[in-house]
Amino acid sequence: MSSDSLEALRTDAAALLARNRRVSRGFRYTVPSPRTYPYQWLWDSCFHAIVLTEFDVDAAKDELRSLITAQQENGMIPHMVYWERGDVINFDWGVEGISSITQPPMLAYALWTVYQKTGDHSLLAEIYPAIQKFHDYLLRDRDPRGNNLAGIINPDESGEDNSPRFDYLLDLPPVHEWGENMRRRLELVAQNKVCNFDAAKCMRNFFWVKDVPFNAILAENLGIEGLIAEVLGERDAAQRAYDRRKDIARAMRVRMYEDGLYWSTYGPEYERIKVKTWHIFSPLFAGLLSPEEAGRLVENHLKNPDEFWSVYPIPTVAKDEPSYQPAEMWRGPTWIGINWFVYQGLMRYGFIEEAAHIKDRSAALIELSGFREYFHPDTGEGHGAEDFTWNTLVFDMNGRVEFTRNLENLSIVTPAPAPLTK
Ligand code: GLC
């Protein structure tokens with residue numbers, strides 16, 4: 001893609017982010033898509049804060065501030081905040097003004113990105129307690145047996161609502177109607193109301209999944225929690241966060257890793273869900289593989305045209321899975337947000353060319369089909385929501401390898417605990 005086209009896209013991205021910004025009760029946030037997703041979402045707001053550091057740092061800070069107002073007494077941060085109720089996704093979650101489920105914890109990463117750009121120490125101090133409390137919640141209420149893996153109580157908590165990773169648990173075949181999938185997930189919400197969102201009970205009775213990306217993201221964000229604590233002069237808290245990161249990394253190795261791939265698990269015995277989706281690359285993002293393992297993963301799976309190396313990579317589900325449906329939301333299409341995770345993971349391990357290819361193809365998708373929610377991995381056709389903000393993440397695919405350098409020594413596969421100075 002030419003640098004002129006990329007520049008034009010940059011102008012459009014800035015305009016989209018500004019257009020989707022809202023102010024409610026004195027707080028600013030960005031809606032992912034005005035017509036389809038007109039509220040605030042948890043991991044979306046983290047993505048917004050990250051990319052807004054490229055466009056409008058004050059808006060990036062406000063995104064985090066508005067998000068943490070919704071934190072609950074127990075530390076949970078809901079995946080949706082209804083600043084103003086509208087007609088769409090207007091569900092009764094059993095609580096006022098918010099949803100009662102969460103999403104992958106990207107808050108520390110987002111805060112650290114803003115801090116790196118601005119050096120705003122007071123912002124770190126302002127947001128850090130909410131991050132600590134959220135991570136505590138995930139490792140307490142979502143890990144009642146103390147096995148160092150956080151559970152999710154609904155597929156939507158993974159951020160990949162109808163991913164085939166969850167079909168078996170929802171008792172659905174590899175190919176089914178979207179409405180049927182939605183009905184099953186809403187049933188879970190109703191069941192969770194019955195168990196009063198007591199996560200341990202909900203998991204035991206209804207949906208008990210330890211998801212790979214959720215835990216990889218948690219591990220990475222715990223490492224960053226540690227970095228933030230160090231900057232704030234809280235050495236003990238920092239050490240605790242680093243230890244927790246290692247505990248999760250180890251638990252993921254033991255419970256999820258098999259023949260080079262990590263698998264999500266279900267139930268008390270950690271049975272593996274052998275559905276090959278993009279999740280197999282999420283451990284790259286968190287540094288949970290050795291360089292050799294990462295090399296094999298990239299060669300055998302990422303660059304395999306029968307799996308993930310499509311015309312516009314990467315499909316969210318491997319092309320050789322029976323559930324692969326290239327135009328069906330989380331069942332195959334390419335999402336730029338997912339490409340962003342894969343890009344960062346590839347950069348972390350030095351796969352510069354592959355990362356550059358993913359960035360280039362991501363930008364090409366937006367140029368071809370606009371700011372759509374997801375795209376056909378071979379034709380590039382756009383689907384789902386319009387004016388979708390995640391696509392702006394292509395402007396955070398800019399090779400900031402230094403970002404994670406401090407965390408390298410925390411990797412489970414090279415576990416030399418070095419002092420962290422930043
Ligand atoms: C969809 C996505 C979810 C996202 C939300 C708002 O539900 O699956 O990940 O947070 O839309 O963009």
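The lining of the second largest pocket in this predicted model comprises 7 nonpolar, 6 polar and 3 charged residues. This second largest pocket holds about 270 Å³ of space. Its lining counts 16 residues, with Asn74, Met76, Ser100, Asn196 and Phe197 closest to the centre.

Turning to the largest pocket, the space amounts to about 360 Å³, and this is where the ligand sits. Here 23 residues form the lining, and those nearest the centre are Tyr37, Trp41, Ile89, Asp161 and Met329. By class, the lining of the largest pocket splits into 14 nonpolar, 4 polar and 5 charged residues. Two helices, α2 (42–52) and α7 (178–194), each contribute at least two residues to this lining; α7 provides the largest share, with 3 residues.

The shell around the ligand consists of Pro32, Tyr37, Trp41, Trp43, Asp44, Gln103, Gly159, Asp161, Met329, Trp330, Phe388 and Trp390. Sorted by class, this shell has 8 nonpolar, 2 polar and 2 charged residues. Among its members, Trp43 places a polar side-chain atom 3.0 Å from an oxygen atom of the ligand. For Gln103, the corresponding distance from a polar side-chain atom to a ligand oxygen atom is 2.9 Å, and for Trp330 a polar side-chain atom is found 2.8 Å from an oxygen atom of the ligand. On its own, the ligand has 310 Å² of accessible area, of which the protein covers 96%.

Key: Residues numbered from 1 in each chain as written. Predicted model: local features only at pLDDT ≥ 70, side-chain atom pairs only at ≥ 80, totals over all residues. Heavy atoms only, no water. Near = heavy atom within 4 Å. Polar contact = N/O pair within 3.5 Å; in protein donor to acceptor, adjacent residues only side chain to side chain. Areas by Shrake-Rupley, 256 points an atom, 1.4 Å probe, with all protein chains shown as cover. 1 Å grid on protein atoms, 1.4 Å probe; cavity = no way out; pocket = protein on both sides within 12 Å on 5 of 7 lines; lining within 4 Å. Sits in = over half its atoms within 2 Å of the grid points. Nonpolar A, V, L, I, M, F, W, Y, C, P; charged D, E, K, R; others polar. Points joined across faces, edges and corners; volume = space filled by probe spheres on them. Helix = DSSP H or I, 4+ residues; strand = E, 2+ residues; numbered from the N terminus.
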